[in-house]
Amino acid sequence: MATEYETSADYIQHHLTNLTYGRFPNGDWGFARGQEDINSMGFWAINVDTMFWSVSLGLIFLGVFSWAAKKAKPGVPGGLQNFCEYAVEFVENNVTQVFGARPNPIIGPLSLTILVWVFLMNLMDLVPVDWIPHAAALAGIPYMKVVSTTDPNATLGMSISVFVLVLYYNFKIKGPITFGKGLVTHPVPHWSMYWFNFILETVDMLAKPLSHGLRLFGNLYAGEMIFILIALLPFYAQWLLSLPWAIFHILIICLQAFVFMILTIVYLTQAHETDEH
Amino acid sequence: MESSLILVAGGILMGLGAIGSGVGIGILGGKYLEGVARQPELQPMLLTQLFISLALVDAVPIIAVGISLYMIFAL
């Protein structure tokens, strides 16, 4: 498949470049034609393929689940209803196990959305690496990166949204004063060490969303990279390597979606814990 | 010169990260087997906990791999 590209580095580069729409330095808006264009755009750019695939997969998730919920009836459930009920029950078990039975309207739906959405976005990794980009190239679209979670903008966007929720619940449940007190008194409860505690807690707090998003990004990026490297081999060797890696990758896909959900629940639980311990 | 230094840096990033997580995941899996051998009825709960801590241990080297691959191919 690497015949249209001059070198294998070009091929890899092409498959790792997002379709970016943004503002050129001279003020025009348009699609970037390469990495240099993307670098020159800076902040005023949006990865169209990431947005397209993540939003459409999110709509598929919402459509399928609401369709199954509307169609659900008492009696023996069908296949789709079984699947949806299994997903909802799985999330419910995990939420009650970690979060407990506190009243919170958002954590259950949020966890279900994160689990299924991240899973669907990760699942695009199992589509052979050349199908969609090649079809898009035939249709005149130069770049197409199908796996949204291999774009750090998407994963960090999700983890920062969770972080905003954590801050919101910290303020709402604990109140600004208790929250501020927790920031300065936590590891060493002595007034002379408050500055040290504050630095430690701030780093701890900021590292959470960063590692939360980069974990998902790193796993999927590395996995996608290995698929692309396998695609560079001659065709008779690809099957031999791609199959075991794809089977192993199924585990990674489910595990990363699950971990992203569990960590969201854990962080939100921490924001709800009011008592000292 | 500069690009070859990036390759060396990427190799060091991936390798050193893998050493630490290899030891960590080894200990984690060993302890999990010990726990299951002692109390087989706790196995489902322990498996969940194992996956959570596995992902936490896994994060650092996988972030290193992601960053090094990014450095090698996207920079």
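Which pattern does chain A follow when read along the sequence? In this predicted model, chain A follows the order α-β-β-α-β-α-α-α-α-α-α-α, with nine helices and three strands. Helices (H or I, at least four residues) and strands (E, at least two) are DSSP runs, numbered from the N terminus. Residues are numbered from 1 along each chain as its sequence is written, while chains are lettered from A and ligands numbered from 1 in the order in which they are written. Because the model is predicted, local features need pLDDT of at least 70 and side-chain atom pairs count only at pLDDT 80 or more, whereas totals for chains, interfaces and linings use all residues.

The C-alpha atoms of chain A fill a box of roughly 65 × 60 × 40 Å along the principal axes. Of the 277 residues in chain A, 31% are buried (20 or more other C-beta atoms within 10 Å of the residue's own, with C-beta atoms placed from the backbone). Among the contacts in chain A with a separation of 6 or more, 68% join residues 24 or more positions apart; a contact requires C-beta atoms, placed from the backbone, within 7 Å.

The model scores ipTM 0.72 and pTM 0.84. For chain B, the mean pLDDT (the predictor's confidence in each residue, from 0 to 100) is 85, and 96% of residues reach 70 or more.

Between the chains, 16 residues of chain A are in contact with 11 residues of chain B. On the chain A side, two or more residues come from each of helix 1 (8-15), helix 8 (194-231) and helix 9 (235-272). Helix 8 of chain A gives the most, with nine residues. By class, this side of chain A has 11 nonpolar, four polar and one charged residues (nonpolar: Ala, Val, Leu, Ile, Met, Phe, Trp, Tyr, Cys and Pro; charged: Asp, Glu, Lys and Arg; polar: the others, Gly among them).

How values were computed. Contact = placed C-beta atoms within 7 Å. Buried ≥ 20, exposed ≤ 12 C-beta atoms within 10 Å, placed from the backbone.
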